[in-house]
Amino acid sequence: MLKLMHKTALVGAMILTAGAALAEYPERPIEVIVGYSAGGGTDVMARTAAPFIERYLGEDASIVVKNMPGASGQIGVTEVANADPDGYTLGTFNLPGMMARTIDREADYDRDSFTYLANVVNDPNVIVTSTGSGLDTLDKLIAEATENPFAVTVGMSSLGGDDHFALIKLQNATETEFTIVPFKGSAPARTALLGGHVAMGILNISEVAEFQDQLNVLGVATQERSPFAPDLPTFQEQGLDLVNGSMRGFVAPAGLPEDIQAKLMDAFSQLSSDQEFLDAMAATANPVEVVTGEEFKQLTSDLYDLAEGVWETTPWN
Amino acid sequence: MYADLLNALPNVFAWTNFAAVIIGVIAGIVVGAMPGLSATMAISVLVPFTFGLEPLVALGLMAGIYNGAMYGGAIPAVLLRIPGTPAAVATTFDGYPMAQKGEGGFALQVAVVSSALGGIASAFALMLLAPPLSRVTLLFGPSEVFWVAVFGLASIIFLLGGNPIKGLISACFGVFVSVIGSDPIYGNDRFTFGQLEMLDGINIVILLVGLYALPPVIDLLETPLKTDGVNSSKLGTESIWKALPRMKGFGMTWLRGSFIGIWIGILPGAGGSMAAFMSYNEARRTSKTPETWGEGEPEGVAAAEVANNADTASALIPALTLGIPGTAVAAVMLGGLLVHGLQPGPMLFRDNPDIVFGFMWQFLFGAILLVLLGGSLATNSFARLLNLPRPLLGSVIIVLMLIGVYSIHGRMFDVYLMLGFGAIGWVMDRLKFPLPPVVLGLILGGFAEENLRLALRIGRGDPMVLFQNTTSLILVALTIAVIVGPTLKKRFVDGRKKA
Amino acid sequence: MPQSRKSRLTRPETLTAFGIVVVSAGFLIPTFELRAISALLPAAMLIGLIVLSVLLLVYDQRKAANGEESQPMTQSPRRVIGAFLLIVTYALATDFIGFYVSTVTTIPLVAWLFGYRSPVGLAIATVIVVGIIWAIFDFGMSQEFPAGRFWGH
């Protein structure tokens, strides 16, 4: 019954404003395509953010999350790139993964295929070592890697991801070489670290927060200390210029009408000051850092250039 | 810790939370019993829906479904020789012959009692031993896990069937299917022919439904209105009180199966089917009458079913403590935990004791409820369903197969893939190529390769890394024993006969 | 009496073994583009399949030479092919014209064609199955089934 009334009201509103339909956006549910299975980090971010976006878009807004898992997010993001730019299909966007896939695979999209709305999560990389390795400070780690190239084994998730780029940055900054052991995902890499099967690991801060007692966390790859774990030092404090992380945000297909884009951007930008949203994200281990519009686009572009540079010198497949 | 366990108990009995477990078990049995639908699919469909539920309601549903489906899978395995879940493949070995002999009812009773016992043992392992067992998981690095996979693959030799050439062809086919997708280390695609849908590899459910469900459907349609199928009047069900004494010799099998199931569960990646195969092999190996196995030996059903339920809760031990799920279903459940902000790790038990320990209790009650809810009423009603006119049953199974495969990822591509495997499965079935080696090959082949290559990277190319510690060496010895043991034993026996 | 040469070569096992050899050899081609370590396991399996199939072929031909009749794969090939084609058509129909339309048509059609012809039974079964699927998946779990590419969804 309620649903029916709702529909009647909507139809009424549509008739009244038939001439200025766009001003009434959104007039039907907005679909957010998530390129991963329900229950993954990106999915949880989308589902946590959805009610807040609905609230900021206005009374009638409704968001439906649709999972299209497969090919590490590529199936979903391709779907978004090819959707109608009418504001009713949005998608989640992961960096640097989505850009790296345009380099190491055939992809039916590129960095110009999207309208960049907002990046919401920035999960910085951390370097950790196993307690048995004896490498409990950054200096010791770098000294060991300098003395014995390739002697330090590094567990991390797959090649061409944020962990891998962080390691490349580390290698370039310190002129060292490590042996990469790419696990399928961060949890197995972390388990191998806990068991002492690899000496060092590159993970994300959200993935080690719960395991701080059992691992040495050497530093965080951010400019300033992460509010997510303020007791952990950054690399810059230790004299190493290493900033890198995994990012998750929202995009729409390229060519979104300007008024719709403005409305969506406005809704997303209000997230960063919503304490309730910040708390919800903290509870699901998602460190928030909202970056909207042009800035987000620039960020993506920079990451693409980084990935391309790495690919040209050391292709990973 | 044990105080937390008791503190969590009252909350579990809140009526919504308890009702969730009951509904979950019933739904799980139904899903498991429907050829084509699987626990993985049911829970992945459920996860987004649980976003708006209270944590213990959501988790209770999942715990119930998991337990229910692991037993439910036995129902079509016994009655139609279609395993309802991957873990029920071993149940078909003796369950289906029993049904053909008119003992289907007893087979299902053995299955339900064994499933419940396995589930209870596993739930206790999860409740009481999670922290120490997770330390055992840590002992298994890539080289040790590689040997576990090899050990599992070695048991293929028991599954070869009458013609070893055909059995080996099946095994090679299964292992080959497991390498389709992106390379485990470099990520470049192998045999995907540019299809993004194949990059993540071929989901076991797609293969299982194609290989195991399509050929029987074709059979149902091939010989219409023939009434030699199993029907409920021939199930030969007697009261559970009469059936129980017939199971009194299964104690050792139950104990061993529970142990194997719990053990396989805490090792990431292998899962219920390997547990069931291994338990079955072990029980047959130690049986006094191994020749009756495969021809309707109730103990075979007990061995398979106790093990595939014994790995349900224990698969959550590495999932909860380390974030690495022990089975495909546990992987989907981990998603369900994350949705409720339950981050795996040592802090989980400290931060959310009510929910985590409540969830463990729900597993225990789910296992116990199996006996009540999966008893004769449930099995008889399913038997009646499966006794529909054959063409009608066939067409309904076709629809269920499509739904079950489509819903895993929400794409038709998987359905076409399943039909392709179905065509292959039909030819294999008719030419008597054994199917279990395909399933085991798919589950363990890629898993072995990935860990071998990780181990070799850790050892920087030196194969000696595979033999560097005691755990690896023990596993190597066990593998050799499995392969060589039966031949030696046969020689010994033959030699004595001659003498 | 020895079989004729043609029937010797069309024995199901011989044909299957031959098919496996051809398909495996075909799959071997892309392995050359892979890194050695990536190609190792798949190539080993494909070569294994080829060797084993050749063995199977040899044994089967030997049986043929000894005059052993091969079992036909089915007594009613038309029914089997018909059933398989119907299932494929159902999947295609789901994809292109939508799940519910295809399912409502397929359940009674398949059952009717293969010999179950009671109109009441067909109607009841169709309504119950489709109704339960709708209630659980669509209504209860808001699962979307294909609506049909043909209609532009």
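Is the crossing of α3(B) and α4(B) left-handed or right-handed? I opened the notebook with this point and, keeping in mind that the model is predicted, I found that the two helices cross in a right-handed sense.

**Entry on the helix pair.** I looked up where the two helices lie, and noted that α3 of chain B covers residues 39-49 while α4 of chain B covers residues 55-72. Their axes come within 10 Å, and I recorded a crossing angle of roughly 165 degrees.

**Entry on the contact.** I then listed the residues through which the helices meet: α3(B) contributes B:A39, B:A42, B:I43 and B:L46, and from α4(B) come B:L61, B:M62, B:I65, B:Y66, B:A69 and B:M70. Sorting the residues of this contact by class, I counted 10 nonpolar, with no polar and no charged residues.

**Entry on the whole chain.** Along the principal axes, I read a span of about 60 × 60 × 55 Å for the C-alpha trace of chain B.

**Entry on burial and contacts.** I looked up burial and found that 67% of the 499 residues in chain B are buried. For the contacts in chain B with a separation of 6 or more, I noted that 80% join residues 24 or more positions apart.

Terms used
Residues are numbered from 1 along each chain as its sequence is written. Chains are lettered from A and ligands numbered from 1 in the order in which they are written. This is a predicted model: local features need pLDDT of at least 70, side-chain atom pairs count only at pLDDT 80 or more; totals for chains, interfaces and linings use all residues. A residue is buried if 20 or more other C-beta atoms lie within 10 Å of its own, exposed if 12 or fewer, and partly exposed in between; C-beta atoms are placed from the backbone. Two residues are in contact if their C-beta atoms, placed from the backbone, lie within 7 Å. Axes are lines fitted to C-alpha atoms, for helices over the stretch in contact, and angles run from 0 to 180 degrees between N-to-C directions. Helices (H or I, at least four residues) and strands (E, at least two) are DSSP runs, numbered from the N terminus. A crossing is left-handed if the near helix is turned anticlockwise from the far one by less than a right angle, and right-handed if clockwise. Ala, Val, Leu, Ile, Met, Phe, Trp, Tyr, Cys and Pro count as nonpolar, Asp, Glu, Lys and Arg as charged, and the others, Gly among them, as polar.
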